[in-house]
Amino acid sequence: MNDKAFTFQTLHPDTIMDALFEQGIRVDSGLTPLNSYENRVWQFQDEDRRRFVVKFYRPQRWSAEQINEEHQFALELQADGVPVAAPVVFNDQTLLSHQGFFFAVFPSVGGRQFEPDNLDQMEWVGRYLGRLHQTGRKKNFVARPGIGVKEYLLEPRQVFENTLLIPSSLKGELLAAVDKLIDAVMGLWHNRFTPLRLHGDCHAGNILWRDGPLFVDLDDARNGPAVQDLWMLLHGDNAERRMQLDIILEAYEEFSTFDTAELAFIEPLRAMRMVYYLAWLIRRWDDPAFPVNFPWLAEEDSWRNQIKMFLEQARVLQEPPLQLTPMY
């Protein structure tokens, strides 16, 4: 795939309409772009007034086998009664292609935003995450990667070393902060956990509320520790996060057991996400959508802030991990 296709420059509205027409879908409403940077996503209505979402996958990111594993997981979850946005099946396949692009069609599912401060909603989410992981434990992904330090820390560090986006006057300081963070994570990370198929990016923005939670966007589904799908829902100070964790896990364990030793992974996983996210922005900088939506990345002060954030997270990793409220 050439660079122009990689940055979606060849993905025109006519291309999208033709791709849908090939599957027997006639767009009646026009295409409304939805917020997505990694892929390109549009909502539309067909001639029967049915609402759909079409998602074009970023070339060179996932293979056909990896995307099909994501789709199969979504269909398994749906069959097991887990509320998740699963792709539409066309002639026994969910992954479609047109002019070198992979794409998939999903039903358009409306709903309110999940309210992370609503403890009743959090309890529901915990219960359904238990069910999601119950399905996730049936087998592991084969083609999709797992969560680990190589992809989330070591490869991003190489990105930082090679990029010209980081001001030369700050690059040494930033790399030193990253190295300190990596050392802190490596002191806590291990593979003595049982990996399972995860949502992978389970934050409040990927949960809709429709008389209960609906999980969307399995694009980052991977093998990893169960706590990966829990920690991004926690917020506030330690007391608030401990209360939220108690609520989530009590509901979660109605369906799945949870190894409390994984709580020690919360801050290492946060550190890995911070490093990986910054490297992701750098890797995507040639996509015209990124300089427009993330202009701060070209500002020197933003790199100073990144250094402070990495050093602060390295300090947090020296503190005792979050624990459940003791039961007496």
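1. A word on handedness to start: a crossing is called left-handed if the near helix is turned anticlockwise from the far one by less than a right angle, and right-handed if clockwise. Helices α5 and α8 cross in the left-handed sense. Keep in mind that this is a predicted model, where local features need pLDDT of at least 70 and side-chain atom pairs count only at pLDDT 80 or more, while totals for chains, interfaces and linings use all residues. Residues are numbered from 1 along each chain as its sequence is written, and side-chain values use heavy atoms, with hydrogens and water left out.

2. Let's look at the domains. The chain splits into domain 1 (13-108) and domain 2 (119-285 + 297-317), with bounds that come from an automatic or database domain assignment. Their C-alpha centres sit 26 Å apart. Contact (heavy atoms within 4.5 Å) involves 23 residues from domain 1 and 26 residues from domain 2.

3. About 2200 Å² is buried between domain 1 and domain 2, and carbon and sulfur atoms give 55% of that area. Buried area here is the accessible area (1.4 Å probe) that two parts lose on being put together, summed over both. On the domain 1 side, E69, F73 and P83 lose the most area to domain 2, together 28% of what that side buries.

4. Now the helices, which are DSSP runs (H or I, at least four residues) numbered from the N terminus. Two packed helices are described by the angle between their axes and the distance between the axes. Axes are lines fitted to C-alpha atoms over the stretch in contact, and angles run from 0 to 180 degrees between N-to-C directions. Under 35 degrees counts as roughly parallel, over 145 as roughly antiparallel, 65 to 115 as roughly perpendicular, and the rest as oblique.

5. Take α5 (residues 149-162) and α8: they pack at about 45°, axes 9 Å apart, and are therefore oblique to each other. Among the α5 residues meeting α8 are Y152, L153 and F160. This contact has 13 nonpolar, no polar and 3 charged residues. For these classes, Ala, Val, Leu, Ile, Met, Phe, Trp, Tyr, Cys and Pro are nonpolar, Asp, Glu, Lys and Arg are charged, and the others, Gly among them, are polar.

6. Helix α8 (residues 266-283) also packs against α10 (residues 300-316), at about 160° with axes 9 Å apart. That makes α8 roughly antiparallel to α10. Their crossing is left-handed. W303 and F310 are among the α10 residues that meet α8, and the contact divides into 9 nonpolar, 2 polar and 2 charged residues.

7. Finally, α4 (residues 119-136) and α7 (residues 238-252) have axes that come within 7 Å and cross at roughly 45°, so they are oblique to each other. This crossing is right-handed. Its contact has 8 nonpolar, 4 polar and 2 charged residues.

Conventions:
Helices (H or I, at least four residues) and strands (E, at least two) are DSSP runs, numbered from the N terminus.
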